Amino acid sequence: MKQKEILLFGASGQIGRNLIRKLTKNNYKITAVTRNIHRAGYILKTQANPGYLDLVELKSFESDKIDELMKNTSICINLIGILYEKKKGQFKLIHTDLPDMLSQKAKKHSIDKFVHLSALGIEVSKDSEYANSKLNGEKKIIRNFKNHIIIKPSIVYSVDDNFTTNFMSLLNILPIMPIYFNGNTKFTPIHVNDLVNVIYNLIEGQNKNLVIECVGPEVLTFKEIMQKLLNAIGKKRFLLPLPLPIAKLSAKILQLFPKPLLTEDQLNLLKYDNCKSGIYKTNYDLGFQATRKFEEEIDKYSFNWRSGGQFAKDNNLEKTK
Ligand SMILES: NC(=O)c1ccc[n+]([C@@H]2O[C@H](COP(=O)([O-])OP(=O)(O)OC[C@H]3O[C@@H](n4cnc5c(N)ncnc54)[C@H](OP(=O)(O)O)[C@@H]3O)[C@@H](O)[C@H]2O)c1
């Protein structure tokens with residue numbers, strides 16, 4: 001059977017790596033674009049069988065090079081995204097201008113589908129620059145190219161994420177964990193494998209001209225998520241609700257770190273529930289169930305943060321001495 005060609009931007013991230021495995025196993029040939037082939041190459045090369053993955057280095061979004069790549073593809077997937085700006089204007093560049101350019105090129109080269117990862121809940125969080133830039137990106141794509149599929153996930157988690165793993169590291173070392181907005185903000189976390197299955201099904205099927213929200217099987221508050229993470233790593237910590245002025249001050253300080261733990265923009269986002277909106281169809285409406293439960297999945301990798309590690313409980317060697 002002839003391989004089908006996919007051009008993938010943002011391949012080295014959590015979703016990209018998992019998506020490469022799913023797609024290449026199913027006879028898709030991927031050309032993955034990365035900014036630094038030496039940094040991303042060693043991890044990407046292990047995600048696919050030989051012959052199914054090519055790596056291309058693009059240091060900036062060079063229009064003619066993207067044209068060249070787009071010419072030979074039938075499906076383009078854009079997973080490039082950032083959580084904070086290192087310089088002013090980066091949200092707009094990455095979340096609005098880049099999808100604008102890619103979807104124009106998708107139209108120019110009459111490709112079959114342009115799949116773009118946006119985010120859930122960005123319609124309401126109007127005081128977040130991240131959310132506004134993502135929403136503007138969606139609008140540009142919809143205007144530019146009708147063969148689009150825009151996927152809007154809630155938090156995506158797995159052993160490869162920057163969410164559960166970072167919080168487990170923090171909960172491990174901090175005696176008191178600050179929580180914002182009383183920890184009441186609701187999320188619908190989706191496991192990366194469930195999300196990747198949805199993306200795969202959307203690529204395989206006839207869907208186009210579609211905006212879809214992707215949610216997991218449970219609605220959990222931020223506080224419930226923290227409690228589940230604490231259970232998983234076997235630690236007890238005090239969850240301290242921070243009054244808003246102090247939360248804002250802490251974000252002002254934390255955003256100065258090279259890899260910020262919290263920015264003012266993220267604090268604004270944390271105000272809003274991250275659940276299906278009712279405006280768009282969800283993965284469930286299209287028959288793509290997300291089945292993985294948060295507690296069961298984090299239990300599979302939380303041993304990295306447990307005292308004694310994975311086998312501490314079952315290690316009977318001490319007893320036999
Ligand atoms: N993970 C989540 O919980 C979540 C939730 C909602 C929406 N999303 C969206 O889903 C998409 C993929 O998420 P992810 O978690 O896989 O993302 P990720 O791990 O943060 O990685 C995205 C990729 O974007 C590229 N990238 C990062 N900064 C860049 C920059 N300044 N210029 C050019 N490329 C840059 C990187 O590729 P290279 O270093 O290889 O160039 C990186 O591997 C993003 O658009 C994200 O906003 C994610």
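Helix H6, residues 164-173, has four residues that count as buried: Thr 164, Phe 167, Met 168 and Leu 171. Viewed down the axis of H6, these residues fall within an arc of 100°, so they line one face of the helix. The model is predicted.

- An α-helix has 3.6 residues a turn, so residues three or four places apart point the same way.
- Asn 166 and Ile 173 are exposed and sit on the face of H6 turned away from its buried side.
- The cover over the buried residues of H6 includes two strands, E7 (156-157) and E8 (176-179).
- Helix H8 (222-233) and helix H11 (294-301) are also part of that cover.

**Strand E1 and its partners**
- Strand E1 (residues 4-9) pairs with strand E2 (residues 28-34) in the parallel sense, over six bridges.
- Within this pairing, Leu 8 has Ala 32 of E2 as its bridge partner.
- E1 and E2 form a right-handed β-α-β unit together with helix H1 (residues 14-25).
- E1 also pairs in the parallel sense with strand E4 (residues 75-78), over four bridges.
- Here the bridge partner of Ile 6 is Ile 75 in E4.

**The chain as a whole**
- The chain contains twelve helices and 14 strands.
- Its radius of gyration is 21 Å, which agrees with the value near 20 Å that a compact globule of 321 residues would have.
- The C-alpha trace spans about 60 × 55 × 40 Å along its principal axes.
- Of the 321 residues, 39% count as buried.
- Among contacts between residues at least 6 apart in sequence, 78% join residues at least 24 apart.

Key
Residues are numbered from 1 along each chain as its sequence is written. This is a predicted model: local features need pLDDT of at least 70, side-chain atom pairs count only at pLDDT 80 or more; totals for chains, interfaces and linings use all residues. The radius of gyration is taken over C-alpha atoms; the globule rule is 2.2 Å times the number of residues to the power 0.38. A residue is buried if 20 or more other C-beta atoms lie within 10 Å of its own, exposed if 12 or fewer, and partly exposed in between; C-beta atoms are placed from the backbone. Two residues are in contact if their C-beta atoms, placed from the backbone, lie within 7 Å. The arc is that of the directions from the helix axis to the C-beta atoms. Two strands pair if DSSP finds at least two bridges between them. A crossover is right-handed if, with the strands pointing away from the viewer, the path from the first strand over the helix to the second runs clockwise.
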